[in-house]
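Here's a quick briefing to go with the structure you're about to see.

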Amino acid sequence: MDKLIAALLSQLDAEEIARRACELLAIPSPTGDSAAVTDYYADRLTELGLEVHRDEEFAGSPSVIAYVNGAHPGPTLELAGHLDVIPVAQEPPYRAGDLLYGRGACDMKGPMAAVLEVTRLLAGVRQHMHGRLMVCAYGLHEAPLGRGQSLLRLIARGNIGDAVICVEGPDDALAITGRGMCTYEISIAGPGDPVHELQATADTPHPLLIGLDVAAMLRDWATELRAGPTLPYVGTESLFIGQFESGDFYNRVPGHCRIVGTRRYAPGRRFDEVLAEFEQRLEAIRRTTATPIRLTLTKTRDGFRTAEDDRLVQALQAAYQETVGAALPLAAFAAVGDASLFANEGGRPAVYFGCGLERAHATPEYVSLARLARQARVLTAAAARYLGITA
Ligand SMILES: [Zn+2]
C-alpha cells in the first residue's frame, strides 16, 4: 500500500463514525423536514475546519456544501448523500454489538457519518492535496415527497464536483450504471355513470374489457423486452404491471379501469423516447375503440453509465484492492438514485459505493459498524488517490 495512504488509514477512528452515526440518527429527518439534521451536519463540517456553505432555497430541506481545499490545483471530488429518511417510524436508535439500529442507519446517515471521518482525515493532509474534496448533503431525496428537487437546483447552479461518489449503494461492487425508470398509469373511463348489465347494449363501452386488451399488450411487450438485448451490467429493459383495478359490483358495467406499473429502460435512452414508444403501442388499441385510453407516464430518473476506464472508477478500484485486498467488480445500481442526476443533468462521471443496501427502507433498519468503517477506509484511499495524495 502507498505509504501516505497507509498513514492516513492508520488514523481512521471507527468509534468516531459510530458516535456520529448515532447522533445523526437521534435527530429525526423525514423527507421535507431535515433542517435540524442538516444544521448538525454543517456544524460538524465547520468543526473539521472546512469551508461550509448552507443553501436555504428549500425551506425545511436545506443543503450543505463543504470543501477541503488542497494546497495545489486539481479536480474537485464530490462525496454526496441525502440526510432525509423515509417517513416510517422506528424505535429510537440503539447499538447492539456491531449493529446500529435506527431509521436511516444505512439509508444513509451511517454512510454520511463515514464521510465525516473521511473528511477529517483528508483535512489533515491538505498540504499534499491536488484539487479539493467536496461534501454535499441534501434532503428531498426519498419519494414520494422527495424527487431530487434541491439536488437538481444545486446542480443547475453549478454546485457539483468534477466527479461524484454517491455514498449509498453496494459495498462489494462499484455501481457505474443503472437503468432509467418511469411509472405509467393507464386510465380507461366509460362515457357515463355505471349501469346494470341488463341496461348495457352491444356498443356500451366496457372499460374492464378494454383494459384486458391493454394488459395483454403490456404483457407481450414485457416478454419482448425480456427477450431483448442484454445490456452490460444492467440486464434487459423491463415492464411490470403492479395494479389492475376495475369494476365495483358483479352485475354493473365497470365505470373505469386503471393499470399501473413500471417501465425500466436502457442507460443512454431518454424518457421522451420511452413516452413515444408507449403512445405508439397504445395507438393500436385506441384504433379499436371509441373509449379514450389515457396515459400518464411519470419519469423517476433516466439511466446513466460511467465509463469503466474513468479516473474515478480506477481510483476506487485501486483503493478497494489496497484496503480490502480484493478486486472491486463493476455492477449496476438496481434502484434509481442520484447518480443519474449528477451524470445526466451535471454531465459528470458518477458512481455508487456504500455500505450495502439490504436494510434500506426495511424494518428494523440497521447498519454494520464494521462495514461503515470499511466504507470509510475505501473512500479515504480513493479520495487520496484521486486527489494526488500519495507518497
Ligand atoms: Zn438513500
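This is a predicted model: local features need pLDDT of at least 70, side-chain atom pairs count only at pLDDT 80 or more; totals for chains, interfaces and linings use all residues.

Below we'll go through the helix, a sheet, a metal site and one serine.

**Helix H10**
- H10 covers residues 369-386, which makes 18 residues.
- From its first C-alpha to its last, H10 reaches 25 Å, close to the 26 Å you'd expect at 1.5 Å a residue.
- Have a look at the start of H10: a side-chain oxygen of Ser368 comes to within 3.3 Å of the backbone nitrogen of Ala370.
- H10 is largely enclosed by the rest of the structure, because 13 of its 18 residues are buried.

- Three strands make an open sheet in the order S4-S5-S16, and their pairing is antiparallel.
- S4 (94-96) and S16 (366-368) are the edge strands; each has a single partner strand, so one side of each has no neighbour in the sheet.
- Going from one strand to the next, the twist averages 25 degrees.
- S5 (residues 99-101) pairs with S16 over three bridges, in the antiparallel sense.
- To spot this part on screen, find Tyr101, which stands opposite Tyr366 in S16.
- H10 lies across S4, S5 and S16, and runs at about 60 degrees to S16.

**The zinc site**
- Three residues coordinate the zinc ion: His82 through NE2, Asp107 through OD and Glu168 through OE, at 1.8 to 2.2 Å.
- Along the chain, these donors follow the spacing H-x24-D-x60-E.
- His82 sits in strand S3 (residues 72-82), while Glu168 is in the loop between strand S7 (163-166) and strand S8 (174-178), so this pair ties together parts that are 86 residues apart in sequence.
- His82 counts as buried because its relative accessibility is 0%.
- Glu168 has a relative accessibility of 9%, so it counts as buried too.

**Ser187**
- You'll find Ser187 in strand S9, which covers residues 180-189.
- Is Ser187 buried or exposed? With a relative accessible area of 17%, Ser187 is buried, because the cut-off for buried is under 20%.
- Leaving out residues up to four places away in sequence, Ser187 touches Cys257, Pro292, Ile293 and Arg294.

How values were computed:
Residues are numbered from 1 along each chain as its sequence is written. Side-chain values use heavy atoms; hydrogens and water are left out. Helices (H or I, at least four residues) and strands (E, at least two) are DSSP runs, numbered from the N terminus. The expected span of a helix is 1.5 Å times one less than its number of residues. Buried means under 20% relative accessible area, exposed over 50%, partly exposed in between (1.4 Å probe, protein chains only). A polar contact is a pair of N or O atoms within 3.5 Å; within protein, one must be able to donate a hydrogen and the other to accept it, and residues adjacent in sequence count only if both atoms are side-chain atoms. Donors are N, O and S atoms within 2.8 Å of the metal (3.2 Å for Na, K and Ca); water is not among the atoms, so sites may look incomplete. Contact means heavy atoms within 4.5 Å. Two strands pair if DSSP finds at least two bridges between them. Axes are lines fitted to C-alpha atoms, for helices over the stretch in contact, and angles run from 0 to 180 degrees between N-to-C directions.
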